[in-house]
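Please open the structure in the viewer and keep the selection tool at hand.

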Amino acid sequence: MSSTGDDAAVGGLCAVHMPRTARTVSDLPRMGRFPAVQPGQPAIERLAPTSELLGFRGPTACAAAGITYRQLDYWARTGLLEPSVRTAYPATSQRLYSFRDVLLLKIVKRLLDAGVSLQNIRVAVAHLQSGERADLTGLTLMCDGATVYECTTPQQVVDLLKGGQGVFGIAVGAVWQELELTLGRLHAERTDTGETLVGHDPADELAQRRNRAV
């Protein structure tokens, strides 16, 4: 049975370093694209997985973040990370997660794997969800198994390593790129029409071409 993360050791409060200088926003390449039409229809529009017009259902979010549905459900019910597009209320609706939601799910999973307590992760997630964190791609999260540190410059990372505090790092920009590629291959839902969109997997297309050639 997979752990939901609530059995991790309790550490101190999350230490967040707030830089005074403005950061540079990275313009990451857009690798995945969704057709904004049903299969078999002409692909007249393609949307990036990061588009606000796209949401991802629970099973897709789990697959992309590398977590179980039990973890996803527990984190949503306990308020650790609820979907920002659509909750499970009323009971007839399905949770719908944004790209940013899934990114945070993936980060939570990595922090849990590094031994960070759920209490500290809650503090870190609340900080990353704040309005001051419009851009996450320039961040590096460092942790020593008990405390989470936010770094926005290479020097801050070096300083933590010199002090022996940071032993595990998460480059959020790299996770963003990895997730964008992954979600581009999975199903999504248009938030404006409710339309289910099928992701594009180049590997599947290559396999189909090889089958036709045989």
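This is a predicted model: local features need pLDDT of at least 70, side-chain atom pairs count only at pLDDT 80 or more; totals for chains, interfaces and linings use all residues.

**First stop: the open sheet.** Select β4, β3, β8 and β9. These 4 strands form an open sheet in the order β4-β3-β8-β9, and their pairing is antiparallel. Which strands stand at the edges? They are β4 (96-97) and β9 (196-197); each has a single partner strand, so one side of each is left without a neighbour in the sheet. In general, the strands of a sheet pair through backbone hydrogen bonds, in a parallel or an antiparallel manner.

Now select residues 54-57, which make up strand β3. Between β3 and β4 there are 2 bridges, and the two strands pair in the antiparallel sense. Display the side chain of F56 to find Y97 of β4 standing opposite.

Select β5 (residues 140-143) together with β6; the two strands run antiparallel and are joined by 4 bridges. Here L141 stands opposite E150 in β6. The hairpin has 4 residues between its strands, and G145 takes a positive phi near 95°.

Continue along β6, residues 148-151. In a regular strand, side chains alternate between the two faces of the sheet. V148 and E150 point one way from β6, whereas Y149 and C151 point the other way; all are buried.

**Last stop: the cysteines.** Select C143 and C151. Are they buried or exposed? C143 counts as buried because its relative accessibility is 0%, and C151 is likewise buried, at 1%. With sulfur atoms required to lie within 2.5 Å, the count of disulfides comes to 0.

Technical notes: Residues are numbered from 1 along each chain as its sequence is written. Side-chain values use heavy atoms; hydrogens and water are left out. Two strands pair if DSSP finds at least two bridges between them. Buried means under 20% relative accessible area, exposed over 50%, partly exposed in between (1.4 Å probe, protein chains only).
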